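Have the coordinates open and follow along.

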Amino acid sequence: MAKLALIEREKKRAYLAIKFAPKREALKSVINDTSKSQEERHEARLKLQQLPRNANPTRKRNRCAITGRPRGTFRKFGLARSKIREIAFRGEIPGLIKASW
């Protein structure tokens, strides 16, 4: 089980990414618009830099929903590989069976 502080930090990052998404998108559209003047684009860059660092969605780390493990997490299930294995062996994931060939 991961430390609760790390799990809470990830929740905070996810919240900030959602909260600042519209503002970030507006600033990025101004920065990428070549019809705007250089001064306007520079101001937009400075404002983008003023946003909280954790508001950037690339800083979010995928974690297991059960254990909080940061590595070996499958996007499709949102679970770590070990938890997928346990749950699949109990037959709780429909359509997922143990491979044999």
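Phenylalanine 77 counts as partly exposed because its relative accessibility is 33%, and partly exposed covers the range between under 20% (buried) and over 50% (exposed). Keep in mind that this is a predicted model. Phenylalanine 77 sits in the loop between β1 (73–74) and β2 (79–80). Together with Phe74 and Leu96, Phe77 makes a nonpolar surface patch of about 240 Å².

Glycine 78 is in the loop between β1 and β2 too. With a relative accessibility of 22%, glycine 78 also counts as partly exposed. Here are the two loop residues side by side:

| Residue | Relative accessibility | Class |
|---|---|---|
| Phenylalanine 77 | 33% relative accessibility | partly exposed |
| Glycine 78 | 22% relative accessibility | partly exposed |

What does glycine 78 touch, leaving aside residues up to four places away in sequence? The contacts are Arg63, Cys64, Ala65 and Thr73. As for alanine 14, 64 residues apart from glycine 78 along the chain, the two C-alpha atoms are separated by 15 Å.

Now for the helix, α3, which spans residues 81–89. Which of its residues are buried? They're Lys83, Ile84, Ile87 and Ala88. These four sit on the same side of α3, because they cover an arc of only 130 degrees around the axis. The buried residues of α3 pack against β1 and β2. Just after α3 comes glycine 91, with a positive phi of about 80 degrees.

Definitions and conventions
Residues numbered from 1 in each chain as written. Predicted model: local features only at pLDDT ≥ 70, side-chain atom pairs only at ≥ 80, totals over all residues. Heavy atoms only, no water. Patch = residues over 30% accessible without salt bridge, like charges linked within 9 Å, V, L, I, M, F, W, Y side chains within 5 Å. Areas by Shrake-Rupley, 256 points an atom, 1.4 Å probe, with all protein chains shown as cover. Salt bridge = Lys/Arg side-chain N within 4 Å of Asp/Glu carboxyl O. Buried < 20%, exposed > 50% of the residue type's maximum accessible area, 1.4 Å probe, protein only. Contact = heavy atoms within 4.5 Å. Arc of directions from axis to C-beta.
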